[in-house]
Amino acid sequence: MQIKDFRIGGNLKELTEHRTVVLPVACYETTINQNIHGHIPLHWHDELQFVRVVKGEAEFQINEEKLVVRQGEGVFINSGCLHMAEDRNSSGCVYICLNVSPDFVVSRELYAAYVAPYIQATNLPYLYIDPNQAWGANILDALVNIHQWIQRQPPYFELDMTMQLAFIWKNLILNGFQLQYDQVEAVKNERMKQMLSWIDNHYAEKIVLNDIARAGQLSRSECCRYFKRMLNTTPLNYVTDYRLQKSAVLLRQADSSITEVAYQVGFNSTSYFIEKFRNAMNMTPLAYKKCKMDARS
């Protein structure tokens with residue numbers, strides 16, 4: 001299954017339900033450039049995520065760090081961490097993605113000792129999974145097994161999956177990563193989510209820097225530093241980019257005009273919207289709309 005249109009809520013939490021019919025687990029194959037945005041947009045979720053790239057290469061951003069993951073390699077993304085992914089070098093990147101509820105990785109009796117410390121660690125937003133390391137190869141092979149079982153659903157595959165999930169987690173722990181917890185870092189991540197959530201709720205309105213800073217309980221200068229460090233952009237440039245992402249979704253609708261879309265996503269000038277869209281997408285909104293309509297017909 002390919003999730004092409006990420007549903008993201010007001011706080012940028014992904015709304016896609018990651019589960020099979022009976023288990024809080026989802027495992028699917030994703031082609032990055034087939035997403036409606038052309039990339040996997042910034043989001044977060046409670047589930048733990050394991051990725052194995054099976055074709056090409058991708059650049060992942062997790063919180064404020066970036067990581068290139070190539071064919072055969074993988075990455076673990078921790079619960080609650082903001083992340084996004086882009087195809088790198090037009091490689092047609094495809095990856096297997098496993099999302100699993102932290103509560104389901106091990107039994108309830110073992111959760112406090114073996115799972116909670118890893119979720120709470122502020123120095124573990126992600127972990128590169130190296131196929132040349134025994135623990136990494138074990139995790140990557142297990143991802144393929146789980147993906148195949150969910151696709152084929154052989155007898156007792158749910159039992160096989162639960163055993164493989166514990167096996168994956170054990171190998172993650174065997175890596176020997178030293179966990180740390182920094183209250184200041186935890187607060188920073190929460191404030192960033194608050195600002196992004198506020199933008200998601202108000203992007204169609206007039207927005208000034210003071211509004212965004214206030215949402216994160218920060219000064220204007222601190223707000224700018226947060227966005228520069230975590231997203232390598234300014235708060236207002238992020239707002240513009242976010243509006244363009246939203247406009248791309250609306251332009252796919254047959255009854256939407258360019259002017260209507262511009263105002264619905266917060267631009268107060270159609271010509272300015274067209275200029276920004278062309279700069280970002282290398283085509284005008286009208287050309288984009290026509291291209292997507294033709295592809296659907």
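The structure holds 7 salt bridges. It is a predicted model.

Begin with Arg88 and Glu57. Their side chains meet in a salt bridge, 2.7 Å from N to O. This pair links distant parts of the chain, 31 residues apart. Arg88 sits in the loop between β7 (83-87) and β8 (94-100), while Glu57 belongs to strand β4. Glu57 is buried, because its relative accessible area of 16% falls under 20%. Arg88 is partly exposed, at 28%.

Stay with strand β4, which covers residues 57-62. Strand β4 runs antiparallel to strand β5 (residues 65-70), and 6 bridges join the two. One of the residue pairings is Glu59 with Val68 in β5. The hairpin of β4 and β5 has 2 residues between the strands. There, Asn63 takes a positive phi near 55 degrees.

Asp200 forms a salt bridge with Lys246, and their closest N and O atoms are 4.0 Å apart. Asp200 lies in helix α6 (residues 183-202) and Lys246 in helix α9 (residues 235-251), so the contact ties together parts 46 residues apart in sequence. Asp200 is buried, with a relative accessible area of 9%. Lys246 is partly exposed, with 26%.

The last pair stays within one helix. Arg225 forms a salt bridge with Glu222, with 2.5 Å between the closest N and O atoms. Both residues are in helix α8 (residues 220-231). They are 3 residues apart, so about one helical turn separates them. Arg225 is partly exposed, with a relative accessible area of 46%. Glu222 is partly exposed too, at 28%.

Notes
Residues are numbered from 1 along each chain as its sequence is written. This is a predicted model: local features need pLDDT of at least 70, side-chain atom pairs count only at pLDDT 80 or more; totals for chains, interfaces and linings use all residues. Side-chain values use heavy atoms; hydrogens and water are left out. Two strands pair if DSSP finds at least two bridges between them. Helices (H or I, at least four residues) and strands (E, at least two) are DSSP runs, numbered from the N terminus. Buried means under 20% relative accessible area, exposed over 50%, partly exposed in between (1.4 Å probe, protein chains only).
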